[in-house]
Amino acid sequence: MGLSAAAPLWGPPGLLLAIALHPALSVPPRRDYCVLGAGPAGLQMAYFLQRAGRDYAVFERAPRPGSFFTRYPRHRKLISINKRYTGKANAEFNLRHDWNSLLSHDPRLLFRHYSRAYFPDARDMVRYLGDFADTLGLRVQYNTTIAHVTLDKDRQAWNGHYFILTDQKGQVHQCSVLLVATGLSVPNQVDFPGSEYAEGYESVSVDPEDFVGQNVLILGRGNSAFETAENILGVTNFIHMLSRSRVRLSWATHYVGDLRAINNGLLDTYQLKSLDGLLESDLMDLAILKDSKGKFHVTPKFFLEEASTNQSADSITLPQDDNDNFAMRVPYDRVIRCLGWNFDFSIFNKSLRLNSGNAFGKKYPLIRASYESKGSRGLFILGTASHSVDYRKSAGGFIHGFRYTVRAVHRLLEHRHHSVTWPATKLPITQLTSSIVRRVNEASGLYQMFGVLADVILLKENSTAFEYLEEFPIQMLAQLETLTGRKAKHGLFVINMEYGRNFSGPDKDVFFDDRSVGHTEDAWQSNFLHPVIYYYRYLPTEQEVRFRPAHWPLPRPTAIHHIVEDFLTDWTAPIGHILPLRRFLENCLDTDLRSFYAESCFLFTLTCQKLPPFCQQGYLRMQGLVSTESLRQHRVESRLLQDYAPTGRRLEDSSQQLGDQEPLGSPLAPGPLAQSVDSNKEEL
């Protein structure tokens with residue numbers, strides 16, 4: 001009887017209850033997307049997922065977003081510019097010079113509303129990220145530290161496996177796609193004799209009073225090293241900075257991660273001989289010794305290796321004992337390590353194969369140009385940690401760059417898992433020139449992620465129309481059809497922004513005479529950032545992309561066009577910019593892309609077998625631009641149009657249009673029957 005009474009408790013209903021209540025046996029919550037980190041990149045991806053209505057969660061170890069910025073940079077001044085005024089009302093253009101805002105539909109969530117400083121305080125970034133998450137209602141689980149990530153094979157999963165995440169409380173989370181936006185958080189440390197004496201950038205005092213009257217050695221030559229030096233420059237006896245490579249100035253390399261002018265005061269004091277100095281040597285060839293007075297001495301490592309026993313500065317021969325002109329013969333009171341940051345691989349199981357094992361692989365995860373892990377399908381790296389794709393080349397490691405690469409990743413995921421094709425605008429071929437001109441003058445993603453993200457124009461059959469795709473990862477061009485769901489059967493144009501090939505580098509003189517190019521025939525020699533248009537009759541293959549010419553961002557095209565650089569980065573000059581571009585496009589397509597007045601189209605229909613596309617798509621469909629008498633007379637007087645009006649007869653002035661006009665910026669041109677004046681003006 002007792003057994004029968006207990007049976008209901010342990011029968012199927014009771015067993016299901018026990019399983020549900022037992023944490024070890026319960027099924028972990030399963031989501032489509034898991035995002036690690038609620039920094040800028042994590043919040044940016046969360047925004048796009050939420051706008052698309054996807055199932056996702058963001059896991060953040062801190063109680064608020066942007067935990068990195070609560071501590072770093074140590075001296076609180078960001079080097080990302082906050083240019084609040086440009087003289088333009090175009091929001092997309094203004095983002096070119098706003099390096100802190102994330103992308104959203106809410107104009108209140110622009111960083112310009114959070115700080116007036118050109119180089120803002122890091123606390124403003126923390127406040128901004130908090131408002132971004134709260135205002136948009138992003139689904140972030142705070143105080144949740146993911147301690148371990150592994151795989152669980154499952155044929156039913158999107159990518160053949162689920163990602164299993166375990167937090168600090170032992171709670172298990174399961175997701176189909178893992179998006180890692182944890183940044184670089186592990187201080188880079190070089191192991192050499194005496195490296196234990198160095199204080200880390202992450203913990204050294206930021207109070208200048210602690211360095212009064214001291215000799216300081218800083219290991220490293222990046223912005224963190226110079227930021228540290230700038231803070232104590234006025235109170236130290238001297239500062240020496242030691243690194244294996246020469247200093248790289250951002251205005252010479254055109255890479256925003258190199259030394260910025262806001263931090264380079266020590267370069268002045270070095271070159272103006274005010275005791276401070278820079279030295280080059282590989283840290284692995286050196287050693288730091290501590291003497292009985294607590295002072296630190298730098299010596300080549302082989303001096304230490306020759307010593308038999310005690311490894312103190314008081315007991316071994318130092319370089320200055322043999323060479324009284326040794327550069328670092330004066331002892332130091334402090335040694336500070338400022339060697340940058342590495343990705344935290346510790347929480348990822350080896351089965352995910354994130355680490356390549358080489359020196360560069362210790363800093364960044366191993367990923368493809370699509371930002372997907374090479375070792376685990378469905379694992380994407382976002383934000384600063386994805387910078388291996390464009391390291392020292394573009395802005396992918398910084399907010400103003402990765403806000404666009406995150407959007408590109410989201411678009412790839414939308415097509416892969418939800419059959420949503422890459423967004424594109426389909427337009428008639430007559431709007432090709434104006435579409436390109438608009439994008440190169442306004443687009444921020446194209447401008448900031450030069451050489452990495454490019455616009456792609458897919459031509460339709462007979463070149464009557466085109467599809468315009470924005471900001472596609474150009475190193476994935478061979479896989480465009482698979483990744484976007486768009487077809488490239490009839491040729492394509494790729495619009496990229498580029499610097500001159502010999503204009504960037506730590507040893508380049510970027511202020512040389514005649515550095516600017518102003519003539520259209522020399523546009524290919526442009527040095528400053530400028531648009532470059534590649535034309536391909538067929539989509540390049542993976543082999544062509546892989547084995548492209550050295551220093552070329554793309555394989556050799558069928559034809560290429562450089563729009564000449566412009567001091568104002570305003571590529572709207574009718575003769576200098578638009579006319580050469582239109583001629584190039586016409587040569588590639590073997591068609592006439594000019595726009596015409598109705599009377600010119602009428603003359604074409606009477607005299608030509610093949611009409612220009614503008615007349616085909618406009619005039620013959622009762623759409624086009626109708627001239628007024630005043631405009632007609634002006635064109636006749638300017639010798640841009642023959643006067644076909646009978647003598648003594650004046651055309652009726654009309655302001656009525658037969659249809660929609662071409663958008664502003666499209667060049668208006670007469671037909672080939674116009675009087676030739678042998679000048680570029682004839683084509684405008």
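The legends below accompany close-up views of a predicted model.

Residues are numbered from 1 along each chain as its sequence is written, and side-chain values use heavy atoms, with hydrogens and water left out. Because the model is predicted, local features need pLDDT of at least 70 and side-chain atom pairs count only at pLDDT 80 or more, whereas totals for chains, interfaces and linings use all residues.

**View 1. The crossing of helix 3 and helix 11.**
Helix 3 (residues 40-51) and helix 11 (residues 399-418) have axes that come within 9 Å and cross at roughly 35 degrees; helices (H or I, at least four residues) and strands (E, at least two) are DSSP runs numbered from the N terminus, and axes are lines fitted to C-alpha atoms, for helices over the stretch in contact, with angles from 0 to 180 degrees between N-to-C directions. The crossing is right-handed, a term for the case in which the near helix is turned clockwise from the far one by less than a right angle. On the helix 3 side, Pro40, Ala41, Gln44, Met45, Phe48 and Leu49 take part, and they meet Ile399, Phe402, Arg403, Val406, Arg407, Val409 and His410 of helix 11, where contact means heavy atoms within 4.5 Å. The residues of this contact of helix 3 with helix 11 divide into nine nonpolar, two polar and two charged, with Ala, Val, Leu, Ile, Met, Phe, Trp, Tyr, Cys and Pro counted as nonpolar, Asp, Glu, Lys and Arg as charged, and the others, Gly among them, as polar.

**View 2. Gly401 in helix 11.**
Gly401 lies in helix 11 and is buried, with a relative accessible area of 0%; buried means under 20% relative accessible area, exposed over 50% and partly exposed in between, with a 1.4 Å probe and protein chains only. When residues up to four places away in sequence are not counted, Gly401 touches Ala395, Gly396 and Met449. Between Gly401 and Ser444, which are 43 residues apart in sequence, the C-alpha to C-alpha distance is 9.1 Å.

**View 3. Strand 6 and its partner strands.**
Strand 6 (residues 172-180) is mostly covered, as eight of its nine residues are buried. With strand 1 (residues 30-36) it pairs in the parallel sense over six bridges, and Val35 stands opposite Leu179 of strand 6; two strands pair if DSSP finds at least two bridges between them. Strand 5 (residues 161-167) runs antiparallel to strand 6 and is joined to it by four bridges, with Gln174 of strand 6 as the bridge partner of Ile164. The hairpin of strand 5 and strand 6 has four residues between the strands, and in it Gly170 takes a positive phi near 85 degrees. Three bridges also join strand 6 in parallel to strand 16 (residues 379-381), where Ile381 is the bridge partner of Val180.

An open sheet of five strands, paired in parallel, has the order 8-14-9-10-11. Strand 8 (199-200) and strand 11 (277-280) stand at the edges with a single partner strand each, so one side of each is left without a neighbour in the sheet. Strand 9 (residues 215-219) and strand 10 (residues 238-243) pair in parallel over five bridges, and Leu242 in strand 10 is the bridge partner of Leu219. Helix 6 (residues 223-232) packs on the sheet, touching strand 9, strand 10, strand 11 and strand 14 (334-337), and its direction makes about 175 degrees with that of strand 10. Eight of the 10 residues of helix 6 are buried, so this helix is largely enclosed by the rest of the structure; among them are Phe226, Glu227 and Ile232. The cover over these buried residues includes helix 8 (265-271).

Tyr201 and Trp341 form an edge-to-face pair, at 6.3 Å centre to centre and with 80 degrees between the planes. Tyr201 lies in the loop between strand 8 and strand 9 and Trp341 in strand 15 (residues 341-342), so the pair ties together parts that are 140 residues apart in sequence. Tyr201 is buried at a relative accessible area of 6%, and Trp341 counts as buried at 14%. A separate aromatic cluster is formed by Tyr47, Phe48, Phe111, Tyr114, Tyr128 and Phe132.

Definitions and conventions:
Rings of Phe, Tyr and Trp (its six-membered ring) pair if their centres lie within 6.5 Å; planes under 30 degrees apart count as stacked, over 60 as edge-to-face and the rest as tilted.
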